[in-house]
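I opened my notebook to record, entry by entry, what I looked up in one protein model.

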Amino acid sequence: MNEKNQERDVYVAIADPTRRKLLRLLADAKELPLHELTAQFQMGRTAVSKHLAILKEAGLVADRKVGRETRYRLNAAPLQEIKDWVSFYEKFWNEKVALLKNLLSEE
């Protein structure tokens, strides 16, 4: 898989803590301009823009121009794939814990 395709993968996009923080910030607001997002990090505007570009390629972020400013907003729909994947393992472990409890209560 080449690097460009990996950037579009939702799992790769959320693997980075900076990108997860960006998603959290966008989840708490309708939309935010780049300068407000950049103020939340100890990195430059270009670095934040690169993270946003990866999130955008994964479909997690949408942007729009308002004059000279770019505003970003969350598109949480692609996160459903991750929720479904995690919920499978949550069910798996809940069943294993219930089985263990039953075994322990028999003794």
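**Ground rules.** I noted that this is a predicted model, in which local features need pLDDT of at least 70 and side-chain atom pairs count only at pLDDT 80 or more, while totals for chains, interfaces and linings use all residues. I also noted that residues are numbered from 1 along each chain as its sequence is written, and that side-chain values use heavy atoms, with hydrogens and water left out.

**Salt bridges.** I began with charged pairs, since side chains of opposite charge can pair when their charged atoms come close. I counted a salt bridge where a side-chain nitrogen of Lys or Arg lies within 4 Å of a carboxyl oxygen of Asp or Glu, and the structure holds 5 of them. One of these joins arginine 24 to aspartate 28, with the closest N and O atoms 3.7 Å apart. For accessibility I used relative accessible area, where buried means under 20%, exposed over 50% and partly exposed in between (1.4 Å probe, protein chains only); arginine 24 and aspartate 28 are both exposed.

I then looked up lysine 56, whose side chain meets that of aspartate 63 in a salt bridge of 2.9 Å, N to O. Lysine 56 counts as partly exposed because its relative accessible area is 41%, and aspartate 63 is partly exposed too, at 27%. I also wrote down that salt bridges with shared partners join Glu31, Arg64, Glu69 and Arg71 into one network.

**Glutamate 31.** Which residue forms a salt bridge with glutamate 31? I found arginine 64, with the closest N and O atoms 2.5 Å apart. This pair links distant parts of the chain, 33 residues apart, with arginine 64 in strand β2 (residues 61-66) and glutamate 31 in the loop between α3 (17-27) and β1 (32-33). Helices (H or I, at least four residues) and strands (E, at least two) are DSSP runs, numbered from the N terminus. Is glutamate 31 buried or exposed? Glutamate 31 is buried, because its relative accessible area is 16%, whereas arginine 64 is partly exposed at 41%. Taking contact to mean heavy atoms within 4.5 Å, and not counting residues up to four places away in sequence, I found that glutamate 31 touches Arg64, Arg71, Tyr72 and Arg73.

**Threonine 70.** I placed threonine 70 in strand β3 (residues 69-74) and noted that it counts as buried because its relative accessibility is 14%. Leaving out residues up to four places away in sequence, threonine 70 touches several residues, among them Leu32, Asp63 and Lys65.

**Helix pair.** How do the axes of α3 and helix α5 (residues 45-57) cross? They come within 10 Å and cross at roughly 80°, which means that α3 is roughly perpendicular to α5. On the α3 side the contact is made by Thr18, Arg19, Leu22, Leu23 and Leu26, and on the α5 side by Val48, His51, Leu52, Ile54 and Leu55. The axes are lines fitted to C-alpha atoms, for helices over the stretch in contact, with angles from 0 to 180 degrees between N-to-C directions; under 35 degrees counts as roughly parallel, over 145 as roughly antiparallel, 65 to 115 as roughly perpendicular and the rest as oblique.

**Glutamate 81.** My last entry concerns glutamate 81, which lies in helix α6 (residues 79-106) and counts as partly exposed because its relative accessibility is 43%. Beyond its neighbours within four places in sequence, glutamate 81 is in contact with Val10 and Tyr11.
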